[in-house]
Each structure stands twice: as C-alpha cells, then as structure tokens.
Amino acid sequence: MFNDLDPLLHSQLRLAVMSLLISVESAEFTFLKEKTNSTAGNLSVQLDKLSEASYITIEKGFKGKKPLTTCKITPKGIKAFEDYVNNLKQYINK
Amino acid sequence: MFRIQTYMKTQSENLSAQESLDIITGMIEQAKGSVQKNSFYFLLWGWVVVLANLAVFVLIRFTDYPNPFIVWSITIPAAIFSIIHGIRKDKQSRVSTHLEKISAAIWIGFGITCFTFIIFGAKIGWQINPVITIMCATPTFVSGVIIRFKPLMFGAITLWVLGVASFVVGSSELQFLLSAIAITLGYLVPGYMLRSHEN
C-alpha cells in the first residue's frame, strides 16, 4: 500500500512540517518545533532532508545574538505536497 | 481535541491514509491561528484621531484660535510610533503569513492615500473628513475578514455610514464630531473587543 506516495512526505514529522509551511509565508525553527511537538535534533534532521530535496529552503541568520533558522516552502515543495494530497485522495476514495 | 503528540511518534512507523490526512488538517489548523490579532494599531489610531477630531471641534466652536488644524500634527509622532512598533513586532514574530503581508500592504496603501488627500485637500474642497472616514472602512473590513472578527466588519460598516453622513452635513465643524463618533465606533469599540479577545 502507498507505493506511489512520496516517501519523503510520507513521514509524520516531515509531513507535519510541510503542512505548516504550506499555510504560511515562512516560519522559524522554534515555531515548527513547538507546533509539531518534536525534539530539536529530530526536527533538524528532517528539515535537512526536506532541504536536500529542494522542498524547502533553510535560511540561517541571527536575531540579536541568538541564531535564527527560517524555513520556507519552495515551488517544488508545493508541487510535491499537492501530488501527495492528490494521491492520498485516491487511497481514501478506493 | 486532536492531539499533536499522537503522530510525532517514530519516523519509520507506517502511516495510514487517515493518519496522513489528520496530520495535514491538524497542522493547517495550527498555522491558521497564527495570523496576529493586533489591536494595538486600532487603539493607537482610534485615540489619536478621536482626540484630534474633538479638539478641532472644540477649538472651532468655542474659541477664536486661528489655526485649529495644527492639532492634526499629533498624527506625525503616531505614524513614527506605528512604524517602530511594526518593525519591532515583525522581528519578534516567529512566523509570517501571506495574509499578514496583505493586511500590512492594504494599511500602508491606505496611509499613503490619506496623506495624499491631506496634501491636496484644497483640490477636494477640504472634504478630507468624509473622504478619509469612508476610505477607512475598506481596510478595516478586510482586517475583520482576515482575522475573522465580526466587530471589525460592523465597525467598518459604521465608518462608511458616518462618512456618508459627514458628506451630507457638508463643510461644518460637525464633520469633526461625526468623525470622532465614527472612529470611536469603527476603531475603538472593536479595538477593545479585539484586545479582550487576545487576552
């Protein structure tokens, strides 16, 4: 089952992150961490995977002296998310 | 309520279609609440404009003061304060939504248009009060729609109605009184309701 579902998105945390990012313009690491209730380490790993696939962009900067990581979904990421949802619909309609 | 914790289990776990769907809808729901409900601007500008209007009304009706419109210069520090507050808030916010950007663009555009009408006031027969009151209605209504807050939408309708009334009254000091009432009902009342909502 779920063979044609994008394996990159078919994971709890990555799917949650993509669902958040599709709804907003950009979000900080702490926002994603809080909303997904994940650990910093795990979130960081999953964000890197999404970034490697060019589904999201990660911008690293500083807010005052604190490091700041801001994530944004890319057009490729939006397309992948839409495809994932469309495939999901087919499974549900079956 | 939908529990976030339930789906942040292990990575390798197989997701059912329903679980996937729950994650998507749950997260979108979470993000939806991220549009800032900002009563600050409504309260700041509400008080500034109401007090300025009342002051101009009192000065014209009860005194011989030659230049009552000087009162409006209090909008300059208010504008500077708004900009500083906006920049500071923007830096603090951990998430930025498209709707917030739309909202900011509409209000900045409204501010620029107001400024233009004030500069060219003579060209429109100094009907600045009704023009600005009516114009206020649009961004206020849009803000109400964006944050899903009905009192702001009703406030916007009140602004429009009293703006029209201000045209009907014509060029008299009563326009200032009408504007003060319009802004009290259109900005301050929904502004305070929004603030109690935020808390």
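Reader: What do the buried residues of H1(B) pack against?

Author: In this predicted model, they pack against H1, H2 and H4 of chain A. Buried means under 20% relative accessible area, with exposed over 50% and partly exposed in between (1.4 Å probe, protein chains only). The buried residues of H1(B) are Ala17(B), Ser20(B), Ile23(B), Ile24(B), Gly26(B), Met27(B) and Ala31(B). Local features need pLDDT of at least 70, side-chain atom pairs count only at pLDDT 80 or more, totals for chains, interfaces and linings use all residues, and side-chain values use heavy atoms, without hydrogens and water.

Reader: Why does the span of H1(B) agree with its 16 residues?

Author: A helix is a DSSP run of H or I with at least four residues (a strand is E, at least two), numbered from the N terminus. The expected span is 1.5 Å times one less than the number of residues. For H1(B) that gives 22 Å, and the end C-alpha atoms are 22 Å apart, so the two agree.

Reader: And how far does H2(B) reach, from first C-alpha to last?

Author: With 23 residues (40-62), H2(B) reaches 33 Å, close to the 33 Å expected. Its buried residues, including Phe42(B), Gly46(B) and Asn53(B), pack against H3, H4, H5, H6 and H7 of chain B.

Reader: What makes a set of residues the largest nonpolar core, and which have the most contacts inside it?

Author: A nonpolar core joins buried Ala, Val, Leu, Ile, Met, Phe, Trp, Tyr and Cys residues through side-chain atoms within 4.5 Å. The largest one has 34 residues, and Val17(A), Met18(A), Leu21(A), Leu32(A), Leu47(A) and Tyr55(A) have the most contacts inside it. At least two residues each come from H1, H2, H3, S3 and H4 of chain A and from H1 of chain B. H1(A) gives the largest share, seven residues.

Reader: Which residues does Leu21(A) touch?

Author: Leaving out residues up to four places away in sequence, Leu21(A) touches Ala27(A), Leu32(A), Ile56(A), Cys71(A), Lys72(A) and Ile73(A). Contact here means heavy atoms within 4.5 Å.

Reader: How many helices and strands does chain A have?

Author: Four helices and three strands, running α-β-α-α-β-β-α from the N terminus. Of the 94 residues in chain A, 48% are buried. Among its contacts between residues at least 6 apart in sequence, 53% join residues at least 24 apart.

Terms used:
Residues are numbered from 1 along each chain as its sequence is written. Chains are lettered from A and ligands numbered from 1 in the order in which they are written.
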